[in-house]
Amino acid sequence: MACYLSHLECTECGKMLPADKLIGVSRCCGKVLFARYDLEELGSNLDRDRLAERPGDMWRFAELLPLADAADAISLGEGGTPLLHLRKLGAMLGLRRLFIKDEGVNPTGTFKARGIAAAISKACELGATGFTLPSAGNAAGAALAYCARGGMKLQVFMPRDAPESNKKECCLAGAQLNLVDGLIGEAGRLSAAVAKEHGFFDLATLKEPYRAEGKKTMGMEVALQLGWTLPDLIIYPTGGGTGLIGMHKGFEELLALGWVEGRMPRFASIQSSGCQPIVKAFAAGRSVAEPWLDVQTAIDGLRVPSAFADYLILRVLRESGGTAVAVDDTETVGAMYELAATEGIIACPEGAATLVGCKRLIDDGMIDADETVVLMNTGSGYKYMHLVGE
Ligand SMILES: *Cc1c(COP(=O)(O)O)cnc(C)c1O
Ligand SMILES: [Zn+2]
C-alpha cells in the first residue's frame, strides 16, 4: 500500500518540517505537530469504497496513516469497533439517532490502543528502540502491550493512585512501572527527563505527532459506519484531547478528499466538575486554559488539570460550533449503571460521562430530535469494577 505522508506541520505557526526523523514537538514553537498527507494524490489513486472491502481494523485506513508500509505495523487488531444504535436510551431522551462508538472492545480495553499502535509503529520505523510514557493508566496499558509485541523497552510513569487494573497490566507485561507522587503533569516531567537520559522516545499525549493519527481513525470509522456521512454531534470525554483533536482532523481529511459531504460535526467536550479547565476556558471565551489547581475527581481519564494541546481542543470546540460541559462523578457512575441496564453496554466512567453530558445538552436545547449524535465510550467498564457497588 502506498504511503502519502508528506510532511509535519506546526499547529501554532504552520511551519513545515520533514517527517523522516523521530521528533516530538515543533522546534519553532514547542507546540503540537500534525502529520500532513498528499491528499490530492491519494484521492486520485484510491476510491473510498475499496476501504469497505478490507479487514475491519484501523489499518483499513492505511493510506491515511503515517507508516511507510502498513504491513510493518505492530498490531493487535485495534479498531473496527461497533457503532451501536441506542434505541431505548434514544427513545427515552427523545433522540431518534443516538449512537455509541464502543471503544471498549479494543486490545487492552480502551481507545488508547489506536493511538499507541500508530505512534509505536511509526517510531519503530524511524529507529526507536525504547519508550517512556506518562499515563493516568490506560495509555500505559496499551503501550506495554504494543511494546511487548514489538520487542521494545518501556518505562511507564503513573500517578500512585491510578487504578489497580492499570498497575497490574504493567506487572503482567513486565514493563518498568514508576509510581509518581502527584498527577499526570508530574509524571510527564519525569517521563521526559528519563527519555532524555536513556535515549528513549517519549510518547506523552500530543508531544509526538502520531498518537492523534491513530485516534483519528475512530472518526473515519464512524463516517464509514454511517454510510460515508458525518454525524451532527460528537460527545467526547476530554482529558488531554487526543481523540477529539484526532477525530476532527480525520473528518477534515475526509471532507478534503470529498469522501464525505456536508458540515463538520459539532464537538462537545465533557469534563468532570472536579477538573474542568477546558469547560471554564470555553465559557470564558479564551483560547488557552488555566491549569486546574484543585483536582477532585475519581474519573482517571479526566484527571488532566493542564492539557498540552488546550489551544487545539478549544479551537475545535469553537470552530465546530460545539461546547463544553462539566458533569458530577456521582451522576457519571449512575450513567454506567444506566448504560448497562438499558443497552447492555459495560462502559468506562469516561464514556458514561458522555451520556450525562448528552442529557444536559438536551435540557439546554442544544440537540434537535432528528440529529445524529455519537457518544464516545472510550473504554471498557471492566477496568473500573472498583466503582461499582454490590
Ligand atoms: C485517556 C482517556 C480519556 C481521555 O482521552 P484524551 O483523548 O486524552 O482526551 C478518556 N477515556 C479513557 C477511558 C481514557 O483512557
Ligand atoms: Zn511553529
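Me: Is Ser287 buried or exposed?

Reply: Buried means under 20% relative accessible area, exposed over 50%, and partly exposed in between (1.4 Å probe, protein chains only). Ser287 has 52% relative accessibility, so Ser287 counts as exposed. This is a predicted model, in which local features need pLDDT of at least 70 and side-chain atom pairs count only at pLDDT 80 or more, while totals for chains, interfaces and linings use all residues. Residues are numbered from 1 along each chain as its sequence is written, chains are lettered from A and ligands numbered from 1 in the order in which they are written, and side-chain values use heavy atoms, with hydrogens and water left out.

Me: Which residues is Ser287 in contact with, leaving aside its neighbours within four places in sequence?

Reply: Contact means heavy atoms within 4.5 Å. By this rule, Ser287 touches Asp310, Tyr311, Leu314 and Arg318. The C-alpha atoms of Ser287 and Tyr311 are 5.6 Å apart, although 24 residues separate the two along the chain.

Me: Which atoms are the protein donors of the zinc ion (ligand 2)?

Reply: Donors are N, O and S atoms within 2.8 Å of the metal (3.2 Å for Na, K and Ca); water is not among the atoms, so sites may look incomplete. Here the SG atoms of Cys10, Cys13, Cys28 and Cys29 lie 2.3 Å from the zinc ion (ligand 2). Along the chain, these donors follow the spacing C-x2-C-x14-C-C.

Me: Why is the arrangement around the zinc ion (ligand 2) tetrahedral?

Reply: Four donors count as tetrahedral if all angles lie between 85 and 135 degrees. The 4 donor atoms subtend angles of 104 to 117°, and therefore the arrangement is tetrahedral.

Technical notes
Tetrahedral: all angles 85-135°; square planar, octahedral: opposite > 155°, others 65-115°.
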